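Q: Could you help me learn to read the backbone and the confidence of a model, one feature at a time?

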Amino acid sequence: MPSWCPLPCRLAMLLCVWALCQAQSDTELPPGTPIIQLRLAGDKRKHYEGRVEVYYNGEWGTVCDDDFSIHAANILCRELGYVEAVSWSPSSKYGKGEGRIWLDNVQCSGRERTLAQCKSNGFGVSDCKHSEDVGVVCNERRIPGFKFISSFTNSVESLNVQVEEVRIRAISSQRKRVPITEGYLEVKDGGKWRQICDEEWTEMNNRVICGMYGFPGEKGYNTKVYKLLAKRRKKNYWEFGVNCTGNEASLHGCKLGRKVELKGNATCEKGMPVVVSCVPGRAFAPSHAQGFSKAYRVEQPLVRLRGGANIGDGRVEVLKNGKWGTVCDDSWNLKAASVVCRELGFGSAKEALAGGRLGQGMGPVHMNEVECSGFEKSLTECYFNRDALGCSHEEDAAVRCNVPAMGFQNKLRLSGGRNPFEGRVEVLAEKNGSLVWGTVCSDSWGTMEATVVCRQLGLGFASNAFQETWYWPGDVRADDVVMSGVRCSGTEMTLAQCLHHGKHLHCPQGGGRFAAGVSCSESAPDLVLNAQVVEHTTYLEDRPMYILQCANEEHCLSSSAATATPSSSRRLMRFSSQIHNNGQSDFRPRAAHNSWVWHDCHRHYHSMEVFTHYDLLSLNGTKVAEGHKASFCLEDTQCEEGIEKRYECANFGQQGITVGCWDTYRHDIDCQWIDVTDIVPGDYIFQVVINPNYEVAESDYTNNIMKCRCRYDGHRLWTYNCHIGGSVSSESEESSFPGLLNNQLGHR
């Protein structure tokens, strides 16, 4: 111990050594093995991954990536209480550390019990820079019964105590309620469930427990009931207390409290087992298991999530000056992510995602370098750098929140598929007083319904909806139809929340081979129209009818063109449309090559008969003129820097739009217009809808619609105030487009 170390420092180090000896006593390390402690640090990470940091000689430092291997990662993860390593990352993936680089050229055989036993240059001997700091990803499964005890006060989210499981055990009168919001807190340690003494339990501990179970806050409970029950039950206390700050994402992030003296029935004499009572978000209000009919809708005016497959996942967007914008991922961490999650009625954050992981937004980036204490009511109350500019949408921040266990996955299953992501949809329904599995009628079954199924099962996005499933042999005992007439808006949490026939089933084709099916995917495309390009390229052209015959054959002109003479002309509102794929997977036509339709007049194939709708509406929403665009050529016109084009229509090539690329339909090609020959001068609304029939699944349909104000004086035409759906506040939308509801697409 250095002679200059002051008394508090010496005491802290002695406590550290004691704690490490306690944690490592069963490893019987050889004499002289340096005593170290490890932690995983860095932003934008899960609790089982991060930059490797080592505490040695009273100082935290990092490890260089030179000669590091999966063997070293395995040693490290096991030392932290995880069963093994998944991978390791060089070149400071989790950010540059500070202080000393304690270890360099680490070489482990895989048989060592601590990283300190591996060969290296020696502690503090390194020629590396912090740009070479190594990181690891551990398997999130814990070693059963593992206890990692630390007395360090400066740990970064240090995993001071690890138990196998944590649960809220409801009393008998509340066990049928969904979700369970109140009960005894129990931890599984050494294979047995144990209670925690509440003598030193705090509200901050409650906040953490509620957050990890998907609830934004905690509340009081009837202590008399639990005291009475506690007297009647045999208690089995855990030997430790817990000390949380309130900002931890789960109990695993809290510090170890005072050790409890186990004295049989006399344990915790001045208290009783901890009881936790939580307040659920509005969308998860408790109900009896049969009920629950309200669809999920975030009713929050300042912050929202977009582009996520599951409830509580999404890109973070905030409303500022009437416009929705994104948050830059600089300094984005679990504290800020948890503020967002709690604000939206979820629990704490499971992950703070960076790098546009859940798709890129459009429009402004409103916040950068966000710093939250963790106790703000809204992300908008957190500090952020108003002067920091230069963030692109490639750096959009996102979150994955803890949500309550609603048991939705137990009422639905996929059967007969080649993998867990596909199959015939089978529903658990009541029949003659008992619960039975049955199929769903495929009449009107489409992408929106498939989207809800994939969400309910936690399988991501829908990639396809099937109306025949004869090729998937399901359970013959579940062939009978138990649900028909299903119509979903796409916002529901469960299929049962969608409109359907109820007990009075009607399905002429029946179930079995004609039952509804789905395939799900972890990612999806997201098409977004560039509103500014439309606004800047709109103009009028009078075009002779005799050169519009091919367009007329493809129904690109108004109905009056059917009686027009070849010498007459049509007045066309022309514009360019630039359609970006901001999602996480490529946009591909649903139809395969062999089913594309050949149009002889234009000499091209249509891979989607209707790719976009172009409409001119009166100010009260009545359609006065229309056009439509078949995707006769869906390809990568241009891409972001570093992304290669993958799709080209020439020579009957593959069609689609790559992630990070866009397809531009120029103003001078056929059908890229609205025929306005028959309209009178006045003010109108110009509307474009991409993928209007939801033929291809996307991660976000709200941004598939674009609206502009439009004025026509009989000679010229102006478009202004163009914006995509969901890009402005509902108040701004209402003032610009009175009488029209925001982002309303007509159902197929």
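Q: Is Ser 331 buried, partly exposed or exposed?

A: This is a predicted model, and in it Ser 331 has a relative accessible area of 32%. Buried would require under 20% and exposed over 50%, so Ser 331 counts as partly exposed. Ser 331 lies in the loop between β18 and α5 (334–343).

Q: What is the phi of Ser 331?

A: Most residues other than glycine have a negative phi. Ser 331 is not a glycine, yet its phi is positive, at about 70 degrees.

Q: Which value does phi take in Asn 321, and where is Asn 321 placed?

A: Asn 321, also a residue other than glycine, has a positive phi near 50 degrees, and its place is in the loop between β17 (313–320) and β18 (323–327). With a relative accessibility of 74%, Asn 321 counts as exposed.

Q: Is the peptide bond that joins Val 178 and Pro 179 cis or trans?

A: Most peptide bonds are trans. The bond between Val 178 and Pro 179 is cis, with omega about -5 degrees, and Pro 179 is found in the loop that runs between β8 (177–178) and β9 (182–189).

Q: What pLDDT does the chain average, and where is the pLDDT below 50?

A: The chain averages a pLDDT of 82, and 86% of the residues score at least 70. The pLDDT is below 50 over residues 149–161, a stretch with 47 contacts in the model beyond near neighbours in sequence. Over residues 288–300 the pLDDT is also below 50, and that stretch has 33 such contacts. Where pLDDT is low, the predicted coordinates should not be read in detail.

Terms used:
Residues are numbered from 1 along each chain as its sequence is written. This is a predicted model: local features need pLDDT of at least 70, side-chain atom pairs count only at pLDDT 80 or more; totals for chains, interfaces and linings use all residues. Side-chain values use heavy atoms; hydrogens and water are left out. Helices (H or I, at least four residues) and strands (E, at least two) are DSSP runs, numbered from the N terminus. Buried means under 20% relative accessible area, exposed over 50%, partly exposed in between (1.4 Å probe, protein chains only). pLDDT is the predictor's confidence in each residue, from 0 to 100. Contact means heavy atoms within 4.5 Å.
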